[in-house]
Amino acid sequence: MHKHKSNNILDSKLDTVSMSIKQSIKNMDSYTHVRGESLYVDDVNIRQGTFHAVVFDSPKAHGKIKHIDYTKAEALEGVKRIFTFKDVPGKNQIGGIIPDEPLFAEKEVHFWGMPIALIVAETELIARKARQLIDIEIEELPVITTAKQAKAKGSFINAPRSFSLGDTQKAFKDCDYIFEGETFSNGQEHLYIESQGAYAEPLENGTIKITSSTQGPTAVQKTTAQVLGVAMHKIEVDVTRLGGGFGGKEDQATPWAVMAALATYHLNQSVKLILNRHDDLRMTGKRHPYESTYKIGLSKDLKILAYEAEFLQNSGAAADLSPAIAERTLFHATNSYFVPHVKTTVISCKTNLPPNTAFRGFGGPQGMFVIESAIAKAANEIGVTARAIQEVNLLDENDSFSYGQIAKKVEAKNTWDSAKSIYNINTLEKEVEDFNANNSNFKKGLAVMPIAFGISFTNTPMNHARALVHIYLDGSIGISTAAVEMGQGVNTKMMQIASDVFSVPIEHIKIETTNTTRVANTSPSAASSTADLNGKATLKACKALLERLKTVASEELNVSEDTIELKDEFVYINNKKSNLSWTELISKTMLKRVALTENAHYATPEIHFDKTKEKGHPFAYHVYGTAIITTTVDCTRGTYEFDSVKIVHDYGKSMSEGIDLGQVEGALAQGIGWMTMEDIAYNEEGRLLSNALSTYKIPDLFSVPKNVEVIPVETTGHELAILKSKAVGEPPLMYGIGAYFSLQNAIKAFNPNYDLKFHAPMTPEKVLMSLYENN
């Protein structure tokens, strides 16, 4: 069971820790979730005559399509039509950053699972039977599955990118220690509970409405319009909520929505397309595997003077979001450390795997793993703890990142020192030493993992949002934003904002579905920026309405606006309750013909980045934190347990303690899973082998840490965070990287001859082999 140390039970040792995290309402979606009443795409009430669709995909990873015979499939009773690239009225193209990904394969297939056709039938069962009747002949071509193979063959998505600071070549000459090595971090399956899917229905005048399980409604709208050759106003995209996304529905929810809309366009009938789990696993991209090399140079006092890294990103068969993900790897290549001389390069390698895509952390975790590996290597060779190197290199105020941004309001040392003090790290280390000295079949390992994660879309123009707020005649409130609720509690936070501004019960507020007709031209719910961007827009709209209401109240009560405050559903004058209630005020405002609707726009100030110089100020702020992870390894079996994870986290001024704590826990478990057990496997032919939960292991109740403690660090928050409550979706995932190094340290305690390796995930099989390596 998890144990959480929260404000109401902190002992006297925690005097230095902020008490600022507020007691707040629970996630408002929880009630319908646990009752099974929450609505997802598959719960949409379908229209009479709705057809069901199944995708026919490539059974080979690379080759030329020589022949396809749809005759038997088309003849099956109940099959309405089979759509291919020939049926696309617009462009057969769904690529976003780079237009290199067809909706349907034309002459060649480039990955196992690439869509070739869409089978539409009266039922899903009939469509699946029809899929088995399709005959296809493919002339196989060479298959590339790894980034190193792609680099050797010159197969790339785009040109490499590099960030630099100082002069590494010169700096290495002044280093007392220089170490080089290589690392590998594997992909990761999103495994959202709700698989990919969409429901398209025809409306009047050639309009199509798509209910989609997507993080990016505007991307679905734009791409569908492009494929159908129609204007965007003919496509309406609606999202109620997602059953999980984790980045896997930022870009890769699009093709399924487009396919459903294409069938609706031709058939003038509703079409539903929901991938089953095996289809979803096979056809969709994962977190990017990275094969990387590093060179690190240190002084005698353990200062990192120079650092170089080359990241080979396995992008898959098309760009998808790989260029943006590669960019964020560069942004986070030095984690929470100041390194005066840096040169990092990322190469997006084109392979014959499904196009890899966004996943919580968006390339940042892959970059951080490499520098943590370099530090672990250096510490082992020098004969010190990794903690000794980490501690003396932490970011300080006004340090410069390699991309030119100057670090401000830095909490790296604050979280580190707080974790050391609160959890008494010296005692923890002594307990590990004593345990290892007295046990031969079990060994413990301890590792510390600091994090620094930038908050904003790294593509500056994406940092904007809008909110549409209605106050109805009875005083109830409706809010529409671009924020997509996918379990992170953003709906609750939007409701809290309105509740706080108007001082009305949260039950008076409704969050509408995310809809491209009400709120247009939106950025996806991603980059941990959803609450900040949409919350700021909601706050702006609510404040504008509040000012109007105060004007009306001042006229009605014949007092100055400066004396008026709305509190507990009444108007107060100089802190004294008047007779004018909230509902009466709304009624009088309407009678005066004053607008009770506001559409507000927010764009993050200050941020900018010049890609021609690779310098700028791309992030609104950074989130910091420090985790201490302790692990016990069974040295006979190679199995392990995570005894505890003790975290001091930078929430800013959290506006929802329960939601934010849940995000830290979930991200931590996902990060540990990526680093220790989730092992994506493709064979040399490009076929996914880890294609079921029997072959792809994720953390369950028995594999998560026994004890998780999360304490907020004392901080003033940041004004660019919504209500100074910092983003919490992605940063905590990086704490999971510490799990890898705690395992390494336990292995080293059992087997002093073990040569450190940095090949994640560290599965029990790898642990067992390492325990007896060179013995």
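This report describes selected backbone, core and helix features of a predicted model.

## Backbone features in loops

The peptide bond that joins Ala-760 and Pro-761 is cis, with an omega of about 10 degrees. Pro-761 itself lies in the loop that runs between β30 (759-760) and α19 (764-771).

For Asn-268, a residue other than glycine, phi is near 55 degrees, and the residue is found in the loop between α7 (254-267) and β12 (271-274). Asn-335, which is likewise not a glycine, has a positive phi of about 50 degrees, and its place is in the loop between α9 (322-331) and β15 (341-350). Are these residues buried or exposed? Asn-268 counts as exposed because its relative accessibility is 59%, where over 50% is required, whereas Asn-335 counts as buried because its relative accessibility is 2%, where the limit is under 20%.

## The largest nonpolar core

The largest nonpolar core of the model contains 115 residues, and among these Tyr-307 and Ile-737 touch the most other members. The element that gives the most to this core is helix α10 (residues 364-382), which supplies nine residues. As a general background, nonpolar side chains tend to be buried together in soluble globular proteins.

## Packing of α15 and α16

Two packed helices are described by the angle between their axes and the distance between the axes. For helix α15 (residues 530-557) and helix α16 (residues 582-591), the axes come within 10 Å and cross at roughly 90 degrees. Because angles of 65 to 115 degrees count as roughly perpendicular, α15 and α16 are described as roughly perpendicular to each other.

On the α15 side, the contact is made by Leu-549, Val-552, Ala-553 and Glu-556, while α16 contributes Trp-582, Leu-585, Ile-586, Lys-588 and Thr-589. By residue class, the contact of α15 with α16 divides into six nonpolar residues, one polar residue and two charged residues.

## Helix α17

Helix α17 (residues 657-676) is made of 20 residues, and the distance from its first C-alpha to its last is 28 Å, which is close to the 28 Å expected at 1.5 Å a residue. This helix is also mostly covered, given that 15 of the 20 residues in α17 are buried.

How values were computed
Residues are numbered from 1 along each chain as its sequence is written. This is a predicted model: local features need pLDDT of at least 70, side-chain atom pairs count only at pLDDT 80 or more; totals for chains, interfaces and linings use all residues. Side-chain values use heavy atoms; hydrogens and water are left out. Helices (H or I, at least four residues) and strands (E, at least two) are DSSP runs, numbered from the N terminus. Buried means under 20% relative accessible area, exposed over 50%, partly exposed in between (1.4 Å probe, protein chains only). A nonpolar core is a set of buried Ala, Val, Leu, Ile, Met, Phe, Trp, Tyr and Cys residues joined through side-chain atoms within 4.5 Å. Axes are lines fitted to C-alpha atoms, for helices over the stretch in contact, and angles run from 0 to 180 degrees between N-to-C directions. Angles under 35 degrees count as roughly parallel, over 145 as roughly antiparallel, 65 to 115 as roughly perpendicular and the rest as oblique. Contact means heavy atoms within 4.5 Å. Ala, Val, Leu, Ile, Met, Phe, Trp, Tyr, Cys and Pro count as nonpolar, Asp, Glu, Lys and Arg as charged, and the others, Gly among them, as polar. The expected span of a helix is 1.5 Å times one less than its number of residues.
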